[in-house]
Number of protein chains: 2
Amino acid sequence: METLWTQRYALRTRRMQSSAVRELLKLTEKPDLISFAGGLPAPEVFPIAEFREAAERVLTQSGAQSLQYSTTEGCARLREMIVRHTSRYGIVVQPENILITSGSQQALDLIGKVFLNSGDRIAVERPTYLGALQAWNAYQAQFLGIAMDDEGMRTDELESVLRSGPKFLYALPNFQNPTGVTMSLKRRELLIEMADHFGVPIIEDDPYGQLRYEGDHLPSLNVIDARARDGKPFSGNVIYLSTFSKTLAPGLRLAWVVAPAEVILKLVQAKQGTDLHTSTFVQMVAYEIARGGFLDKHVQHIRAVYGARRDAILAALKRHMPPGVRWTKPQGGLFIWTILPEQMSATELLRTAIDERVAFVPGSAFYDDGSGQNTMRLNFSNATPERIEEGIARLGAVIRRALPSKS
Amino acid sequence: METLWTQRYALRTRRMQSSAVRELLKLTEKPDLISFAGGLPAPEVFPIAEFREAAERVLTQSGAQSLQYSTTEGCARLREMIVRHTSRYGIVVQPENILITSGSQQALDLIGKVFLNSGDRIAVERPTYLGALQAWNAYQAQFLGIAMDDEGMRTDELESVLRSGPKFLYALPNFQNPTGVTMSLKRRELLIEMADHFGVPIIEDDPYGQLRYEGDHLPSLNVIDARARDGKPFSGNVIYLSTFSKTLAPGLRLAWVVAPAEVILKLVQAKQGTDLHTSTFVQMVAYEIARGGFLDKHVQHIRAVYGARRDAILAALKRHMPPGVRWTKPQGGLFIWTILPEQMSATELLRTAIDERVAFVPGSAFYDDGSGQNTMRLNFSNATPERIEEGIARLGAVIRRALPSKS
């Protein structure tokens, strides 16, 4: 239909494309399809009974407050709880260093709004989180991809990228989305050292840090950064992002930023014009459910469930994938990265896969330069071990049939 | 503290200033201060018991779904309910014409993201909603103010502004924030006709439309626009915004956009990169509470409470304001606009007022050009009639003392 809006304006979306992930979510609605697409937590682990009790307590004890406007920074008690949580990992911050956001996606958007000018360059892992590419495409950013291996960002590529002076570097050091790869301690230390040397600040996105199924916890980049400037408890060259989406529930849209107070102030000003504040009710319910140690116990439970699913998908991949297919072995998180023989196209494969009632995300969606045609991201948190086994068997058969015959 | 973020970057906030409204909200925390600042609904009218029941039902019947990721467009049943609500006012739309947003503030931000380039000009009422100025300042927009009188936007100023080709025109026709003025039917029809003639599309912001305390409901701009193109049920030159903030609760952050499907599609893409989607839990609880006719009954209750408060503030102003002070007589909404003698400064007056334990928002915050020094916005929804009487008595005394002595 012709309207002034459509007729006169190009409805510019600044290279924003409809997210492959969001489109693929629609496929998961077919009940007989086993989906490794999306990044959905398992609904079985949602603490529904605890949410019911928390909502009841909030509405009984502080009903009017929970339904009223509140401050842009976020509810004081929730921010204080996050301060205590953060300090357990060796970062001493104050509530003025915390901003509550409507999911980490909003943190990425606000960072774009405050820091980015058209044409600014951002150093990213290649591949990287699709939502970050989307958020910063909206501000006409350019991306400088840094290749990854089993230890994370390849530091031999890092130097030339940092030397070229990007606005900032964006990294997901723990169980990266999409690859599942964890940056080694050595690489983390080298990254902090080099970023400091070249004067490039860092955005550290850590949605899965608590979901480790084996190995030891590694210090986050902001902890290493703080240690490197001994004496200063929080030097603030690293803006740190985390979320309740993977530990409580993603449907809340509740996350936080840890940053220098001056940066938080600017993000708050940007958030005022963006959505005034995050739902007071959601913040108070999340605080009510998380306080008193419940969240720690709950994370243990999630680890057990997801750890078993990771074991199931690794075993199934070994059993069903034809020779020539490789995959990562994540120590935590939600994703495994699969690399097909070079001449294959995961996007083409997806069409056949859907006919065979199995789905995944073609990996090219996560590349700033559109490469990675022969890669795919598999989520293992949403399906039961039995469904994982059946789904990987279906996927293995689809790949086997699509393999180029040896001539 | 010096960090790379603060040392290297100017932390540009693109002319975004800390909102006077938000800063002033902090003043309302003094319990003996009577605040006419802010735009807070009365907590007494929040349907807390109904929220408790709705949250309980949602978590019992659809707990996992309410805590999971959901689509960017918004929950289907909530959008269908809004379609039914919209059609009652003569606009026939489909769910594809509806986007759920995290408050109307987010709708303003997404419109900026999709439509605005740096330097674009937007026609606005002078004064206008501060949050719109903030949202679009972030995209480096310029504003073309159109003076208002008791019938709304002055159509003698409108023509030259429309002729100069602004990107769009932004209007709040019902009980405008900040002035409380309602655009007359004749002006509405003329605006639609002229905007069509000059090819300027319109953003209609209608947060208070249902809160009318006297007089007849006037058709919204999008209804008049649709009628003007007879045969087409929804021509779509007007993007219409409304919200649950003033009828259910502002702490939810829940609102909606009505627009052509092509525009909704672009807003959805922008929202994907901005916050993925609005809280599933909040959407489902709001649907659960609003369905089955509760919201209609509840709005009747709010009208009775706020109508009495409007009567109380009008009576108190008449009683306590010195000669030379004028004010609007709103037929609905939350605000009254007060005009002091020309040589007075409302900002200076605020300092004294706070000492006397009464607060308001200086009107200049709502002017795109910083004028309106002798104006102030008074909110009447948040205080009881008794507190209103006492607060206006205090304010009247402050103004009386500050009046220039006749020489």
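Copies are superposed here by least squares on the C-alpha atoms of residues with pLDDT of at least 70 in both. This is a predicted model, in which local features need pLDDT of at least 70, side-chain atom pairs count only at pLDDT 80 or more, and totals for chains, interfaces and linings use all residues. Residues are numbered from 1 along each chain as its sequence is written, while chains are lettered from A and ligands numbered from 1 in the order in which they are written.

**Stop 1: the two chains**

Select chain A and chain B. A rotation of 180 degrees, with 0.0 Å of shift along its axis, superposes chain A on chain B at an RMSD of 0.0 Å. That is the relation of a two-fold axis. The same surface serves both copies, since 99% of the contact residues of chain A recur in chain B.

**Stop 2: the interface**

Two residues are in contact if their C-beta atoms, placed from the backbone, lie within 7 Å. By that test, 71 residues of chain A are in contact with 70 residues of chain B. Now color by secondary structure. Helices (H or I, at least four residues) and strands (E, at least two) are DSSP runs, numbered from the N terminus. On chain A, the elements that give two or more residues to the side touching chain B are helix 1 (4-8), helix 3 (48-67), helix 5 (104-115), helix 6 (130-137), helix 10 (261-275) and helix 11 (280-290). Helix 3 of chain A gives the most, with eleven residues.

Next, color this side of chain A by class. Ala, Val, Leu, Ile, Met, Phe, Trp, Tyr, Cys and Pro count as nonpolar, Asp, Glu, Lys and Arg as charged, and the others, Gly among them, as polar. The residues divide into 31 nonpolar, 29 polar and eleven charged.

**Stop 3: backbone details**

Go to N177(A) and P178(A). The peptide bond between them is cis, with omega near 20 degrees. P178(A) sits in the loop between strand 6 (168-171) and helix 8 (185-198) of chain A. Switch to chain B. N177(B) and P178(B) are also joined by a cis peptide bond, with omega about 20 degrees.

Then select Q140(A). Q140(A) is not a glycine, yet has a positive phi of about 55 degrees. Look for Q140(A) in the loop between helix 6 and strand 4 (142-149) of chain A. A residue is buried if 20 or more other C-beta atoms lie within 10 Å of its own, exposed if 12 or fewer, and partly exposed in between, with C-beta atoms placed from the backbone. Q140(A) has 14 such atoms within 10 Å, so Q140(A) is partly exposed.

Move to R253(B). R253(B) is not a glycine either, and has a positive phi of about 60 degrees. R253(B) is in the loop between strand 8 (238-243) and strand 9 (255-258) of chain B. R253(B) counts as buried, because 30 C-beta neighbours lie inside 10 Å.

**Stop 4: helix 13 of chain B**

Select A346(B), in helix 13 (residues 346-355) of chain B. A346(B) has 23 C-beta neighbours inside 10 Å and therefore counts as buried. Not counting residues up to four places away in sequence, A346(B) touches several others, including L340(B), P362(B) and M376(B).

Which residues make the contact between helix 13 and helix 14 of chain B? Helix 13 brings L349(B), T352(B) and A353(B), and helix 14 brings L395(B), V398(B), I399(B) and A402(B). By class, this contact has six nonpolar, one polar and no charged residues.
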